[in-house]
Amino acid sequence: MRDFEEQFKQGDINLLACSTTMEMGVDIGSIEAVLMTNVPPSIANYNQRAGRAGRRGQGFSTSLTLARNTPLDLETFADPASYLARKLASPRVSLDSDRIALRHANAYLLAQWFREVDGEFARTKTGDFFGCRADLRPFEGLPPVDAFCEWVRLPTTAANTDAGLKRLLKGTGLEFDTAIREHTAVMFEQEAASFRRTWQRLKDDADALEGPAKKAIEFQARRLCKEFLLKELANRSLIPGSGFPTAVVPFDTLCAETQKAQDRHRSDEEGTRDRRYECPTRNADIAIREYAPGAEVVVDGLVWKSAGVTLNWLSPMDSGQREPQNLRWAWWCDQCGGAGSDHQMPERCDHCGDPNVKTEQFLEPAGFRVDWNAQPHADTDQAVYIEPKSPKVSVGDALWQPLLQPESGRIRASHDGYIYHHSRGPNDKGYEICLECGRAGEAGTDALKDHWPLTPRDKKAIDRCPGNDQGYAITRPLALGHEVLTDVVEIQVPGLENDGAAWALGAAVRESLARWLGIEPRELGIAVAARDGQLGRKAPSIYLFDEASGGAGYTPRLLDDIYHVFERASHVLDCPKECEMGCSACVLAADLYKQQGRLDRRAALIAVRAFLEKNAELPEEDRAVADAKAVNDAANTILLRARSGDSVTVFLPEAFDLAELSSIKMRSFFSSASARGVPMTLVLSHKSFDNLAEVERRFLRDVAVRNDFRLGLGQAESGPFGNCRIAELISSGGAKAFFSRDANAAQPGERWGVGETHAVVAGSITPPTSFTLIAADGLERQVAPGDKVEVMLGFGQCPVGQFGKRFGAKLKQQMEAAGIWHPGQLVRISYSDRYLNAPLPMLLFLRTCENLAAELKAGDTVEVDVVVQPLKKDRVPYRIFNDWDQEGDREDVAQFLGEKLGLDVALEVTGNAIHGRKLELEYADGRKALVLLDQGFGYWRIVGDAPRHDFRAAPAAQASDLYRSNTAVSGTGESYFAVAKR
């Protein structure tokens, strides 16, 4: 390529084919003409590409664009003047993603630590960092990852990194997050726990096996531990991937014939370069089929046949080093749509617990290569091609939200979506691979029988490969795979009669979104799969995902303007050629050729028109104001419309969970508004404010200071049909209010501003709601004599079995100081917590009661009365911190667990549970003690990977699992509790 570039500059050749990176101001000589083989996605792209010609003042320069048979190209060909008259869109830089901001903070802190300990970040191996040896022997000393986490939590680290983090995170959702270092420590502890579990499983298997099976396990352990840390952390989304491809795979044509030619022509300087840069390369998701064993690849006019994989991951060619390959198990669940991978074969879905998961062992290859004795041919028309398979796509645990009105479908999005690309060969049988030399062939053939090495060790002698005689060396049938974590959106629209209609609608939405964003449609991937629908029956889910590893933020933009994206999609589906199924003039893109026989663009058009009709007019009951329009998410809409100088008012309901003001969504909402110069005020009613306990007022004050919002008192006026007023956006041009008949849309948390049962709408109001700001002293009432308040500035790691003693000791200290600790007198504990809905907080609460009973009880058993509100069923539970989905299970588990802890537990479920978290101790002589908690037992979170909880098990079995649990919890940030006489 460098030779071609130099010849072009010198005028020896006058035609240079190049990629679209030529947009970026590259000046390589007096270019007179530019030929574009497609219409660029935006006018900015067009101007940049056409502008490459005529840069040296030539008298004449030309730009010629060839229009392909695609919707945008045909539209531009029919009306080029309209395309050329398009306005340049203003550049948009989004800093709203906490996920991306946290990756940068992680990288900053990790780099600072490596600098302090004189380490080499770029050379460190994964096993060395996590304290896991490749030879499966015990690690001596403190693992570096543990030292890093300790360092992150040191006060001196906070002092030394505060300024750097503040500069780095300015304007992001984490700008005001005081616990950013703790987030980093927790993420690395979770990754370390996951890595060590995998390593321990391999060690256990190796200890139990002998012979070839043991060698195979040891092989996997070396591969696990010898990966570069930098790459692994980027692949696991702990640090940034810089937006560039992180998995570029070479096709090595080095063989006896080509080596002779290269030895003759390679200069001394070139001879020192890594040969991977002289090979053709593709992104791994494409390479696993285009370069797959048996496929034929055209390189410089010659056709080469791929014969196997490169076995040296770290130095792909000519280095003499050998590294084990990356063998993993992929799994996917047709029940909930979950997917993932592990080094061991999974037994059940990580998301819903379904044991009927589908699995596939795969190899993620370092590269591909030809046989050492390969002879290319020149018949490019006969090249063997392997068809792609549709990727497995998952949004994980992301919550569903309505597509505007709840009846018109639903959508969910994730920045951490999972994509599994795979290839199983021309006949879908998989590949057998020799892990000794790398030669591979289609499973079920004799391709590896008595085979020779793919590349001879010394490049001189060709001997029979030793892998023929090693039982572990030749694999069972494998897929070739590549995993990506990226942005994913999942859509379910009613009325799609078949998957062909879903594919057509997905293609149209992709085309519409790409045009709106000014990007190429190929930058977005598409998939369709049958998933559980809203009514429990199977329905087609449409997945759109960013092709860029780590995500580029494209697909989540769909939620910014759903109606108009679907409106433009209807125009794409309304084919100008009036095709029957789908053609290149409407929805048939290059990556959908396999679906061309079943595309159903007419059914998709009917479905999208029904969606548009449904959302064009609101039901009368949702029309809180005359010009009300449905919006998908109030928070998203406010941030898109708000400008510097505007202001936002958020109305809190009469009863709400204070802890949810610190949820990811709310924190990001507050900080994003602040970064835009848009002041925000949270308004409480007088009644709600008067009901706040001392600890709750202090917590509210601290949250307001940390997140840069004000607090006010006022009364929000409801709409004519009881529409709850959620928020207002006030600007110089007027005020917009957001309403919903779904009262839960006003509750702070991850679902704030989203209508589940009724739409959220926005419309004009006059005048905006008035309120009075709360004075600082109003948030800090005088503590009554004898009452005690403790501020917990974090809570160190503690096993749940010891939690009751740890937290009980804190309660005892304050209650003794208040004179309300009376041993031998306790008869009843009463606790009210509207949000005691999950196994983890229930376990922590009952462990605390166990300790209080042991210290204070008057008789054999202490009664424990608990008042909670009804459960909300918004996701399939599978982790210990997920809410139960059955009322009876919550009550029965609490009672069974109470019996094991010596407690008599009774649960009352009511929609009128009091506000706040109040723990009352009743003594035999009638005296009472009161403990007030600002966040309840939700303050404590799991350390490391959250353990599974089997919600399908019988309540007694669930209680036994909780009783035996040895998981650890810790508290992050500030939390308050107060003790008082009653």
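Let's start where strand β3 (residues 248-252) runs parallel to strand β11 (residues 368-369), the two pairing over 2 bridges. Here strands are DSSP runs of E with at least two residues, and helices are runs of H or I with at least four, numbered from the N terminus; two strands pair if DSSP finds at least two bridges between them. Phe251 has Phe368 of β11 as its bridge partner. Both strands belong to an open sheet of 4 strands with mixed pairing, ordered β4-β3-β11-β7. At its edges, β4 (281-283) and β7 (308-309) each pair on one side only.

A word on the source: this is a predicted model, in which local features need pLDDT of at least 70 and side-chain atom pairs count only at pLDDT 80 or more, while totals for chains, interfaces and linings use all residues. Residues are numbered from 1 along each chain as its sequence is written, and side-chain values use heavy atoms, leaving out hydrogens and water.

On to charges: the whole structure holds 49 salt bridges, each a side-chain nitrogen of Lys or Arg within 4 Å of a carboxyl oxygen of Asp or Glu. In one of them, Glu360 meets Arg424 with the closest N and O atoms 3.2 Å apart. Glu360 sits in strand β10 (residues 358-364) and Arg424 in the loop between β14 (410-423) and β15 (431-433), so the pair ties together parts 64 residues apart in sequence. Glu360 is buried at 8% relative accessibility, where buried means under 20% relative accessible area, exposed over 50% and partly exposed in between (1.4 Å probe, protein chains only).
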